[in-house]
Amino acid sequence: VANTQEVAAPSHGSNRVLNGLGVTVSGITRSGSDLRNAEVRAAGSDLARSEAGAVWLQRIESALTGNKLDERLTAFFNAASALAADPSASAPRATLPQAAAALARSFSGSGGGLDGAHPALDQSADAMASQLNTLSASLAKVNSALGRTGQGTSGQAALLDEPDRLLESMGALTDVSVSFGAAGRANLKA
C-alpha cells in the first residue's frame, strides 16, 4: 500500500483548496495480517506433521501386515485351542509347532521391517535439521537486511514478505513461535 498525498496548485490568499493536480508517493507500507500469517504457519505445521505421521504409520502397517502377522497369530491361537480341546490327538500336536514356527518367522520379519525404518527415520530427521539450519541462516540474512533498509521503501516492503515465506517453510518442519521486533525483524522460537 502506498502512502499518497495530493499535490495542490498554489492558491491566493488564505483560501487553500486542493484542486487535484496530482499525487506524490511518500512511502510504501506492507499490507498484511500478522494473525493470518501465524494461522497459516500453524496450519502448515499441523499438515506437515500429519503427513509425516501418515508416512511412518504406513511403513509400520506395512511391516506388520506384509509378514501376515495377524494371520499367523490367529493360526497359532487356533492350533493351541485345538490341542487344548484334544491333547491326545496327533494332528493338533503336529500343527501347533508348525504354527509356532510360522508365527516366529512373522515376528522376525516384522521386526526386521521395523528395524529397517529406523535408518530412514534418522535420515529424514537429519534432512529436516539441515533444512531448518538453511532456513534459519536465510532468515538471519533477511533480518540483517531489514535493519539496513529504509522505512517505507519498496525494498523494505519486498523484504518484509520474505520472513513470511521462510517462516511458513520452517513451520512445515517444526512448530515455530514468532514475534516481530523493530524494523519488522522476526524473532523465532522453535
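So, α2 and α3: which way do they run relative to each other? They're roughly antiparallel, because angles over 145 degrees get that name. Helix α2, residues 69-85, packs against α3 at about 155 degrees, with the axes 8 Å apart. Those axes are lines fitted to C-alpha atoms over the stretch in contact, and angles run from 0 to 180 degrees between N-to-C directions. Helices here are DSSP runs (H or I, at least four residues), numbered from the N terminus.

Before I go on: this is a predicted model, where local features need pLDDT of at least 70 and side-chain atom pairs count only at pLDDT 80 or more, while totals for chains, interfaces and linings use all residues. Residues are numbered from 1 along each chain as its sequence is written, and side-chain values use heavy atoms, leaving out hydrogens and water.

Okay, who touches whom? On the α2 side we have, among them, L69, F76 and L83, meeting residues of α3 including L96, L103 and F107; contact means heavy atoms within 4.5 Å. The residues of that contact divide into 15 nonpolar, three polar and two charged.

Now the largest pocket, with about 160 Å³ of space. A pocket is an open set of points on a 1 Å grid where a 1.4 Å probe fits, with protein on both sides within 12 Å along at least five of seven lines; lining residues have an atom within 4 Å of a point. The volume is the space filled by probe spheres set on the points.

What lines it? W56, L121 and M128 are among the lining residues. α1 (34-66) gives the largest share, five residues, and α3 (90-148) supplies at least two.

Notes. Parallel < 35°, antiparallel > 145°, perpendicular 65-115°, else oblique. Nonpolar A, V, L, I, M, F, W, Y, C, P; charged D, E, K, R; others polar.
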